Amino acid sequence: MSLPKDDAAVLSARWTEGVLLKRDVFSTVERGRFRGNSGEVDAVLRRLDEVPWWSFLLARHLFAREKHALVLAKGLDVGPELLWAGRRALVRGFVDGVALHLAKPHGDLAYFRSAKDALRRLRRAGICHNDLAKEQNWLVGRDGRAYVTDFQLAACFKRRGRLYRILAYEDLRHLLKHKRSYAPEALTARERKVLAKKSFAASLWLATGKKVYRAITRGLFNFTDREGGGRRLVNDAPVIAELIRKNPAVRDTAIVAFADRRSGVGLYAFVEADQAALEGQLRNELAAAKGPRPPEHIQVVHALPRDAGGRPRTEILQLVAMNQLDLIEPMMRNDQDRAFLKDILEQRKNLRDRFNFEADLPTG
């Protein structure tokens with residue numbers, strides 16, 4: 001399925017292809033640059049030309065919802081600005097920030113105050129996001145503020161009726177669930193009451209609709225979206241990691257997913273070991289095991305970045321795999337992190353799908 005001629009003409013003239021962020025049965029999303037009336041800016045493109053025929057009607061419905069919500073949200077400064085919209089493609093501004101599940105703003109009370117303010121602005125515009133349970137849809141901006149993205153499920157209201165109030169309440173409850181994860185000590189008594197009380201619609205959805213939704217998306221559409229990794233990250237990565245750890249030269253491994261223009265979702269294995277030439281041996285062992293398809297990339301590193309608890313910092317490795325290199329610097333905590341990261345970046349493997357974001361990288 002191709003883009004309409006007028007959409008294709010605009011993108012050909014004004015869009016510079018960059019990093020592929022995500023591709024599933026509902027759309028393709030990539031980061032690049034868009035030339036507007038005031039010059040070229042970083043932007044994000046959603047397009048429907050690679051959507052399969054059997055999911056196109058739903059994809060077009062979600063696309064229309066996002067476009068409508070972004071029009072209403074213009075000027076609210078709570079998410080990306082709509083820069084251009086055609087019939088099967090739209091371009092929104094790039095928010096300079098990192099997704100909540102990558103940034104992990106533990107104890108950041110200012111962030112959650114900002115997030116609550118963002119919800120108030122959306123409510124005043126009559127917009128309910130409806131997908132804020134996903135940490136991927138909350139961004140921690142480089143300025144420290146909260147932003148929301150991905151308005152495909154958003155509902156827009158002219159009047160604040162009962163349905164509006166229910167959906168707005170659920171948006172707030174989902175925000176408070178994230179606050180409970182990252183700043184539980186800051187929850188007020190009133191916020192704890194909200195967390196303890198689901199709306200009737202939410203309870204009904206969990207008991208009935210969500211089961212149907214999962215059956216359709218994971219069964220019929222073969223769609224799983226854990227941090228954008230799909231079924232390969234959920235099902236294949238643990239098996240591959242276990243096989244890799246059987247090699248006596250391997251101390252540990254961490255596997256993350258990245259969007260791949262050829263396969264849809266690729267896997268990138270970072271392997272902690274001292275033997276730089278280990279990659280070929282690991283590939284032979286994975287092929288001989290006749291298990292899941294081996295990772296597209298295997299990179300041997302002297303040490304994996306780790307948090308205070310000793311767990312690999314997959315949020316950093318995820319950005320390396322996705323070539324979102326300019327977003328890593330704010331996540332570096334010390335000179336040791338920066339020196340380690342420089343070593344990883346110099347040897348990284350995913351060079352096919354990259355963009356010129358290296359200007360702000362750490363130099364050691």
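Reader: What makes up the count of helices and strands in the protein chain?

Author: The protein chain of this predicted model holds 11 helices and 13 strands, where helices (H or I, at least four residues) and strands (E, at least two) are DSSP runs numbered from the N terminus. Residues are numbered from 1 along each chain as its sequence is written. Because the model is predicted, local features need pLDDT of at least 70 and side-chain atom pairs count only at pLDDT 80 or more, while totals for chains, interfaces and linings use all residues, and side-chain values use heavy atoms, with hydrogens and water left out.

Reader: What makes Trp54 partly exposed, and where is Trp54 placed?

Author: Trp54 has a relative accessible area of 37%, so Trp54 is partly exposed; its place is in the loop between strand 3 (39–47) and helix 2 (56–72).

Reader: Which residues make the contacts of Leu119?

Author: With contact taken as heavy atoms within 4.5 Å, and leaving aside neighbours within four places in sequence, Leu119 is in contact with Leu132, Trp138, Asp171, Leu172 and Leu175. In the protein chain, among contacts between residues at least 6 apart in sequence, 64% join residues at least 24 apart.

Reader: What makes a set of residues a nonpolar core, and which members of the largest one touch the most others?

Author: A nonpolar core is a set of buried Ala, Val, Leu, Ile, Met, Phe, Trp, Tyr and Cys residues joined through side-chain atoms within 4.5 Å. The largest has 39 residues, of which Tyr111, Leu119, Leu122, Trp138 and Phe151 touch the most other members. Among the elements that each supply at least two residues of this core are helix 4 (109–124), strand 8 (138–141) and helix 5 (162–182). A second, separate core of 24 residues includes Phe270, Ile316, Met322 and Ile328.

Key. Buried < 20%, exposed > 50% of the residue type's maximum accessible area, 1.4 Å probe, protein only.
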